[in-house]
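Hi everyone, thanks for making the time this morning. Let me put the structure up, and then I'll talk you through it.

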Amino acid sequence: MAALDIHGLRKAFGGNVIIPDVTLALEPGLITSLVGPNGAGKTTLFNLITGFLRPDAGSVHYKGSDLVGLSPQRVTRLGIARSFQDLRLFNEMTVFENVLVAQESSFRLWTRAAACRHTDAVLERVGLADKRDTRAMDLSYAERKFLNLARIMALDIDLFLLDEPASGLDGPSRTTFHTLLQSLKDEGHTVLLIEHNLDIVREVSDRIAFLNKGEVMAFDTPERIFANERLTDLYFGTAGRPAEAASC
Amino acid sequence: MIAYIANLGVLLGIAVILASSLNLMVGYAGIFSVAHAVFYGVGAYAAAKIALGVTDSFLLATAVAMFVSGAVSFLLAVPVLRVREEYFVVASIGFQVVASTIFTSWHAVTGGMGGLAGIPPARVLGWQLTSPVEYLILTAVCMVLVLAFIAVLVKSPFGRALKAFRDDEVAATALGKDPLALRVAATTISGALAAVAGSIYAFHVSFVNPESFTLDYSVMILAMVIIGGAGSLAGPIVGAVFITAFPALLNFIEMPSRYVGPVEQLIYGASIVLLMVFWPNGLASIWRLLRPRRPVQAAGGGTER
């Protein structure tokens, strides 16, 4: 059974059809990258899956239930979490609080010691343990990106939807990111990744879904996708896209 | 003189409870309400009813007042919090106007404009309160309890979730937090705490009527929160002291008494505007200016939304 089964998904804003028809099945335990030019509908697809947008047609099946029509918080509680490309950290809160708040039940008067231990373990894992008590707004760019990841890693999640988690990271940070992603996979999690940097995509992906103008043009292994000249042309701008859109 | 200071102290304690409880909504849940005097009033009327008809026990009357006021704010919150924040302000003004009308017109329960008079002195665990100083002690104890509860609340998982929503609603929702449930809970708790102030007021003055729970007073409580600084524990306390002590200070200035009211209003209005523009974190944030602060990092990312 697919980890996530998207069928005939469609979304239009007014007369502007962003996603005409997306059908995609994610294989469990694999890292799938969603690539495509800017405006291909990648983030819109994330919003449709996670309940931030309601599709006009189609279904998104996860563990036997249709996610369409569910609120974002319901989707998250079912076991799907997303990160945002503009991070959306809780800037006034410390690194520790950012991660702690993600995993604890809101209607409690006391902080559980187990939640604190779990939070510290997650921070250790993403390399932010020494920034524990720093406010999120005072972190460096790379640290902010890792905090963004840590926040959803603290949740009890099967399926991670990551929106450009590695964009703008330097070499060492990218290695850390790669290791993290691999460890998520080793634990049996499924990952859907939006990423513009094709080096990263090539390094980490088990599957690539190529999205263009809101349609999946190809869904295959990285080797075959990169061997397909038509797709690389589309991506690198001979189809009218500026080349810098491909790199970050 | 002691009685004067004690009475001022009671009013100050009431103001601190009201401002701090409203701060739960304004400063932590991000809900701007101009109806807090309603919950203060509901609490005062409920306590007065209990005192007049059932028992002079302060604890029992306050418990009932908190329950009734919490229930009223819950009933307000459930439908109204579904609208967007800006509209809630307007809705809360409407609610305040309706409530004021009910306080004035529902003679059978509220006594209309004449109000409810002859509320017996409060009794707390067998101790009959008579002097202003005794009421001051009762007020201080209640105020400390309310503040301690709020302090625990904002540091609890519940308070953290509220702060997460205040910082970024979309991200908090994406982490599985339910915005409506949290806001309704914050509003209900805020309403119940305001009733503590109402109960103290009813017993202390031994008389309640609609004039104490008007839109003007709701605005005043909101002003306390904003002038002092929303979203901190100290802010509403500073704001409540500032606004309550201010008329007392004006007494020392030579001025025909008919000017006192308008001058007060002018100064409140001007200070809110000036604070909003130049000092949005409020009076209590003065110490923060001394702390160096790094500029916010610009978030990177693609252009696609």
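Some housekeeping before that. This is a predicted model, in which local features need pLDDT of at least 70 and side-chain atom pairs count only at pLDDT 80 or more, while totals for chains, interfaces and linings use all residues. Residues are numbered from 1 along each chain as its sequence is written, and chains are lettered from A and ligands numbered from 1 in the order in which they are written.

Let's begin with chain A. It is divided into domain 1, residues 4-79 + 157-246, and domain 2, residues 89-155; the bounds come from an automatic or database domain assignment. Taken over C-alpha atoms, the centres of domain 1 and domain 2 of chain A are 25 Å apart. The contact takes 10 residues from domain 1 of chain A and 9 residues from domain 2 of chain A, where contact means that two C-beta atoms, placed from the backbone, lie within 7 Å. On the domain 1 side, helix α6 of chain A (residues 171-186) gives the most, with 3 residues. Helices here are DSSP runs of H or I with at least four residues, strands are runs of E with at least two, and both are numbered from the N terminus. That domain 1 side has 5 nonpolar, 4 polar and 1 charged residues. For the classes, Ala, Val, Leu, Ile, Met, Phe, Trp, Tyr, Cys and Pro count as nonpolar, Asp, Glu, Lys and Arg as charged, and the others, Gly among them, as polar.

10 of its 11 residues are buried, so α7(B) is largely enclosed by the rest of the structure. Buried means 20 or more other C-beta atoms within 10 Å of the residue's own, exposed means 12 or fewer, and partly exposed is in between, with C-beta atoms placed from the backbone. Among the buried residues of α7(B) are R160(B), K163(B) and D167(B). Its cover includes α3 (95-103) of chain A, along with α1 (2-29), α6 (132-155), α8 and α9 (179-205) of chain B. Turn to α3(A) and you find 8 of its 9 residues buried, including E97(A), N98(A) and Q103(A). The cover of α3(A) includes α4 (113-126) and α5 (141-153) of chain A, together with α7 of chain B.

On to helix packing within chain B. Axes are lines fitted to C-alpha atoms, for helices over the stretch in contact, and angles run from 0 to 180 degrees between N-to-C directions. Helix α10 (residues 215-228) of chain B packs on helix α11 (residues 234-250) of chain B at an angle of about 120 degrees, with the axes 7 Å apart. That makes α10(B) oblique to α11(B); angles under 35 degrees count as roughly parallel, over 145 as roughly antiparallel, 65 to 115 as roughly perpendicular and the rest as oblique. Residues of α10(B) in this contact include M220(B) and I227(B), and those of α11(B) include V238(B) and F242(B). The contact of α10(B) with α11(B) has 11 nonpolar, 3 polar and no charged residues.

The other pair is helix α2 (residues 36-53) and helix α4 (residues 85-105), both of chain B, at about 30 degrees with axes 9 Å apart. So α2(B) and α4(B) are roughly parallel to each other. Here A37(B), V38(B) and G41(B) meet F95(B), Q96(B), A99(B) and F103(B).

Most residues other than glycine have a negative phi. L87(A), not a glycine, has a positive phi of about 65 degrees, and L125(B), also not a glycine, has one of about 50 degrees. Buried or exposed? L87(A) counts as buried, with 24 C-beta neighbours inside 10 Å, whereas L125(B) is exposed, with 7 other C-beta atoms within 10 Å. L87(A) is in the loop between β6 (80-82) and α3 of chain A, and L125(B) is in the loop between β2 (123-124) and β3 (127-128) of chain B.
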